[in-house]
Amino acid sequence: MAGIKSLAKDTAIYGLSSIIGRFLNWCLVPLYTAMFAAAEYGVVTYVYSIVALAMIVLTYGMETGFFRFANHERYSNPMEVYSTALISLAVSGSLFLVGIFAFLGPVTAAMECTGHEDYIAMMAVAVAIDAFTALPFSYLRYKKRPMRFAALKLTNIGLNIGLNLLFILVAPWLYEQAPATVAWFYSPTFGIGYIFLANLISSAVVVLLLFPEMRGFPWRFNRTLWREMIAYSFPLLVLGVAGIMNQTIDKILLPWLLSDSNDAMAQLGIYGANYKIAIVMVMAIQAFRFAYEPFIFAQNREQGSNKLQVFRDAMKYFVIFTMIIFLGVMFYLDILKYFINPRYFSGLRVVPIIMIAEFFFGIFFNLSIWYKLTDRTVWGMWLSLGGLAVTVVLNVLLVPRMGYMGCAWAAFGCYGSMMIASYIAGRVNYPIGYNVPRLAFYFFLALALYGISILITTGHEWLDMGVRTLLLAVYMLVVIRREQIPLPGRLKWLAGARR
């Protein structure tokens, strides 16, 4: 249980930075949807979908590879592992930038940004920086320094948000009132370009703040080690590419699958904005991933069945916690929907589908420990490629008929199939013994309570939210009693504690 408490503590800290940061970024969505037309916001969604893919390619599994080899019995010096990976990422990032700037025109046209080469140039530099700094952030996780990790992440996000507010709200107002004060850096025609500029500046500042994590050790490149890391990480690269494609291919394909390009970008903008409401589930999974990956490699050193029980407990509490998040978002969607402009409300129906899809992905990540601990990462590659095939097929079949709703159902089918396939393969190759009936109980209980909340909706917003709050309390009470979670003081009677 001590291992679970340690994991929960680190997850809470990582989660705090992730949730606060994502929430603050989330707060930019109403700004974007108010200031830019749906088609313009669709361009932002499209570019960031490509950026997410580029980020995976440029890190090529080195984060997980670093954790594996820093804990490897054959390599006693983790700093040599760190140095080798840093040099590798620096070289590959530099080559990426050379390639982008050599073919900037064609790349810009391919990304639906013709005439705005500056957008792509800024994002190329930003993603190269972010890919390189991913390893220093992993090093902070390895050294169990979640507070510094959180502080730097929040600095990055805070600066990005501040610059967005400056460029999109403050500067336009000053330009109208006193043009000379901002004309030297602000142009009203640059539009959504300021979103990308804010990203670039904040990324550049963070790499400077990470200098202490890149000093105090000899920079050495061990070719033998590097080849082993690449062999280990390459399947993770394919897994990561397939995984991020599963998350973004719908946004990339949608403009190509709908005949009207203007309507396609408008639909993409609506879909992207409503996807942001479901980001709460993504935040929880990301916080868990930050803490869980270094945790499992350290936990794997232990012998006996205790480590397997820790893995089982981690899965159980993950399901419970994420289902509470699902109910919280869906029960209070009448409030949360105002984070986007009412022009985008038509897309709210994708929120529960996307949240369950992301939940399936979180389960898949939990299950992935079996092939990471047994060095059979090729399994992750094949599972993700299978999911990608499902995503592409479902998007091609559904989007022309259903628009962006087809994207949501494709994500659901993709992650659901990956989760099931990984569980079946894991039972054969590295059985952990998850309590599936109990996990299924918590999942379907949450769905049942959500279904009840829909059936008894009265149309009176505050009355409905009061009833939903009671339903959320019911779920939490069931969890407390079944798991015999102790509560302080007078709350003990809720858990049905036995004397």
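Biologist: Which helices each supply at least two residues of the lining of the second largest pocket?
Modeller: Helix H13 (306-331), helix H15 (351-367), helix H18 (404-429) and helix H19 (436-455) do. Helices here are DSSP runs (H or I, at least four residues), numbered from the N terminus. The model is predicted: local features need pLDDT of at least 70, side-chain atom pairs count only at pLDDT 80 or more, and totals for chains, interfaces and linings use all residues. Residues are numbered from 1 along each chain as its sequence is written, and side-chain values use heavy atoms, without hydrogens and water.

Biologist: Which helix gives the most to that lining?
Modeller: H19, with five residues.

Biologist: What kinds of residue line the pocket?
Modeller: The lining has 15 nonpolar residues, no polar and no charged. Nonpolar covers Ala, Val, Leu, Ile, Met, Phe, Trp, Tyr, Cys and Pro. A pocket is an open set of points on a 1 Å grid over the protein atoms alone, where a 1.4 Å probe fits, with protein on both sides within 12 Å along at least five of seven lines; lining residues have an atom within 4 Å of a point.

Biologist: Which of them lie nearest its centre?
Modeller: Ile363, Met419, Val436, Leu439 and Ala440.
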